[in-house]
Amino acid sequence: METVLSGMRPTGNLHLGNYYGAARSFVKMQDEYNCYFFIADWHSLTTHPKPEDIQRSARTILAEYLACGIDPEKATIYIQSDVPETIELYLYLNMNCYLGELERVTTFKEKARQQPDNVNAGLLTYPTLMAADILQHRAAKVPVGKDQEQNMEMARRCARRFNNIYGVEFFPEPQNYYFGETAIKVPGLDGTGKMGKSNGNCIYLFEDEKSIRKKVMRAVTDNGPQAMNSPKPEVIQNLFTLMQIVSAKDTYDYFDSKWNDCTLRYGDMKKQLAEDIVQTLAPIRERIIEISSDQEGLDRIARLGAEKARESARKTLNEVRRIIGFKVY
Ligand code: AMP
């Protein structure tokens, strides 16, 4: 059975982008694959979180992921820092990565721009830590959104390079997995780029009805369609993309035809979009509340997951040590 891995940084709550880009695919896959899901608390250190927030944030994300439908009976769910084997593989992979290729990664360039006073080596080697997360389980598939395509390319390169250097066929090249035909990019409500925690433009899975409606009604728009069948400017396309993701096809087609014949009223469209987001998120929100009330249960799931993940990682690392020429414990 093929292995699948998916991860999430515990920096803030899960949002619609995380759900449609990653969580939903993972839930779909857990019946058919050997699935690992982890909470990337080491990755979150690039932004220096407060020590007292570390454990709480991981538990929050764990509860939210379970609420999306990840089932601990089917998938192995663990916290990254509970599996120290990852760090050993990270070190080996870093030895085979070049400064130039890491500096060219778009997410690194973006982060370096966003936080110019904190361009640390962890940011630079973010893709090798991600590669270690994936390769330690020799995962064949990784459900990701469009924003992660380049990091996935680095993970494949790490696998290929390791195999070439040592003349082995040890690591499979992990492939991107998309829920539909292609990668999904959930846009933000501010008319620019993607929905993302650091962009401050998110609708969170835990968000209440009132707040969702307020955010959607405030989404950036323009003066309305100016000519029949004209192309949509980015701010408007974003609203339509969101609608395509959360609403029924009929609803999307209705507003699309209104755009095309210049009768679209943004207020009506936003009201409908807000309603559909509220309906989508209401059951998830209820489950988050229920699951979060059992902190011992969350701890138990994390403990069991860590044991299973370590077993898988240890197996890989033993082989890696043997291939490189180190002692095997
Ligand atoms: P992050 O929130 O950056 O830790 O991303 C965790 C996962 O969510 C990754 O697989 C991303 O590809 C996915 N993701 C995050 N934001 C979006 C978005 N706006 N659209 C699609 N997928 C996303």
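**Overall organisation and selected residues of the predicted model**

Thr47 is partly exposed, with a relative accessible area of 43%, where buried means under 20% relative accessible area, exposed means over 50% and partly exposed lies in between (1.4 Å probe, protein chains only). The structure is a predicted model, in which local features need pLDDT of at least 70, side-chain atom pairs count only at pLDDT 80 or more, and totals for chains, interfaces and linings use all residues. Residues are numbered from 1 along each chain as its sequence is written, and side-chain values use heavy atoms, with hydrogens and water left out.

The loop between strand E2 (34-39) and helix H2 (51-68) holds Thr47. Helices (H or I, at least four residues) and strands (E, at least two) are DSSP runs, numbered from the N terminus. Apart from neighbours within four places in sequence, Thr47 is in contact with Thr11, Gln115 and Asn118; contact means heavy atoms within 4.5 Å. Between Thr47 and Asp222, which are 175 residues apart in sequence, the C-alpha to C-alpha distance is 35 Å.

The protein contains 13 helices and five strands. Its radius of gyration is 21 Å, close to the 20 Å that the globule rule gives for 329 residues, so the protein is as compact as a globular protein of that length. The radius of gyration is taken over C-alpha atoms, and the globule rule is 2.2 Å times the number of residues to the power 0.38. Along the principal axes, the C-alpha atoms fill a box of roughly 70 × 45 × 40 Å. Of the 329 residues, 50% are buried. Among contacts with a separation of 6 or more, 78% are between residues 24 or more positions apart.

The protein exposes about 16000 Å², and carbon and sulfur atoms supply 50% of this area. Accessible areas come from the Shrake-Rupley method with a 1.4 Å probe; for residues, only the protein chains shown count as cover. There are 43 positive and 44 negative charges, and their mean positions are 3 Å apart. Lys and Arg count as positive and Asp and Glu as negative, while His and the chain ends are not counted. The place of a charge is taken as NZ of Lys, CZ of Arg, CG of Asp or CD of Glu.

Two domains are assigned: domain 1 (3-173 + 295-324) and domain 2 (197-289). The bounds come from an automatic or database domain assignment. The C-alpha centres of domain 1 and domain 2 are 31 Å apart. Across the two domains, 16 residues of domain 1 are in contact with 17 residues of domain 2.

Several buried positions were examined individually. Ser6, in strand E1 (residues 3-8), counts as buried at 1% relative accessibility. Residues up to four places away in sequence aside, Ser6 touches Ala22, Phe26, Tyr36, Phe37, Phe38 and Pro143. Asn151 belongs to helix H8 (residues 149-166) and is buried, with a relative accessible area of 1%. Beyond four places in sequence, the contacts of Asn151 are Val105, Thr107, Tyr126, Pro127 and Met130. Leu273 lies in helix H12 (residues 266-292). Its relative accessible area is 0%, and Leu273 is therefore buried. With neighbours within four places in sequence left aside, Leu273 is in contact with Val216, Leu239, Leu242, Met243, Val246 and Ser247. The C-alpha atom of Leu273 is 27 Å from that of Thr11, a residue 262 positions away along the chain.

Lys197 is placed in the loop between strand E5 (175-177) and helix H9 (209-217). Gly17 is 180 residues from Lys197 along the chain, and their C-alpha atoms are separated by 9.5 Å. Excluding residues up to four places away in sequence, Lys197 touches Met8, Arg9, Thr11, Gly12, Asn13, His15, Asn18, Cys202 and Tyr204.

Backbone geometry was also considered. Arg138, although not a glycine, has a positive phi of about 50 degrees. This residue is in the loop between helix H7 (126-135) and strand E4 (141-143), and at 35% relative accessibility Arg138 counts as partly exposed. Cys262, also not a glycine, has a positive phi of about 65 degrees. Cys262 sits in the loop between helix H11 (249-260) and H12 and counts as partly exposed at 30% relative accessibility.
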